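Take a look at the chain below. This report walks through its layout, its surface and its core.

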Amino acid sequence: MPGLVKIGLTFNSPYLRAEQLASTGVPDKFVVEEYWECSGEELRKIEKEIHKELGDKRYSNSREFFEVSVDDARKFISSYFKRESDLKLKRIKEEKEKKDREENAQKWKQTLQKIEATLIEEVDSLIGEINSNKDSIAACLESILPADE
C-alpha cells in the first residue's frame, strides 16, 4: 500500500508476521523494510509511545498504518531507540556514580572510625600516664608555682 507504513510489534519473526498479514486480504505483500529488537516487557510500551507520537499521521485509529515515508518512519523510530538507549546509558552511569559515591562514603566512614578509635586510645593512654604520674607532676608544679600564703 503505497504511502502507508505499518508500525507494530510482533513476538515472532517480522518476516513470518509479514507473511501472516499478507494472507488477511490485503492487496499486496508486506515488505519488512526494517525492524528493531527489544525485550518483551518494553515492547508494548515502546509501540504505544511510537504510535502516540505519530498519532497525527495515523491512517485509522483501529489500525497500525501511518501516512509517512519509510525513510521518515525509519528515522523517527531509530531516533526513538537512540533516545531510549541514551536514557538507559544515562541511568546506568548515574547508578554507577551513586554506587561509587556510596562506596567512597563508606571508605571515608571506616577511615574516620579508625582515626576516632586511635584518638580515643591515645587520649586514654595520656590520661593513664597523667594519672600514674600525678604525684610527680604535682611536685613539679609545686616547685614552679609560688606557694599560697
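How much accessible surface does the chain have, and what share belongs to carbon and sulfur atoms? The accessible surface comes to about 12300 Å², and 53% of that belongs to carbon and sulfur atoms. Keep in mind that this is a predicted model.

**Layout.** The chain has four helices and two strands. Along the sequence they follow the pattern β-α-α-β-α-α. The radius of gyration is 37 Å, well over the 15 Å that the globule rule gives for 149 residues, so the chain is more spread out than a compact globule. Along its principal axes, the C-alpha trace spans about 120 × 30 × 25 Å.

Here are some values for the whole chain.

| Property | Value |
|---|---|
| Residues that count as buried | 14% of 149 residues |
| Contacts with a separation of 6 or more that join residues 24 or more positions apart | 66% of such contacts |
| Distance between the mean positions of the 26 positive and 32 negative charges | 12 Å |

**Core.** The largest nonpolar core has twelve residues. Among them are Val5, Ile7, Phe66 and Val68. Two elements give two or more residues each to this core: helix H2 (40–53) and helix H3 (70–132). H3 gives the most, with five residues.

Phe76 is one of the core residues. Which residues does Phe76 contact, leaving aside its neighbours within four places in sequence? They are Ile50, Glu53 and Leu54. Of these, Ile50 and Leu54 are also listed in the core.

Key
Residues numbered from 1 in each chain as written. Predicted model: local features only at pLDDT ≥ 70, side-chain atom pairs only at ≥ 80, totals over all residues. Heavy atoms only, no water. Rg over C-alpha atoms; globule rule 2.2 N^0.38 Å. Buried < 20%, exposed > 50% of the residue type's maximum accessible area, 1.4 Å probe, protein only. Contact = heavy atoms within 4.5 Å. Areas by Shrake-Rupley, 256 points an atom, 1.4 Å probe, with all protein chains shown as cover. Lys, Arg positive; Asp, Glu negative; His and termini not counted. Charge placed at Lys NZ, Arg CZ, Asp CG, Glu CD. Core = buried A, V, L, I, M, F, W, Y, C linked by side-chain atoms within 4.5 Å.
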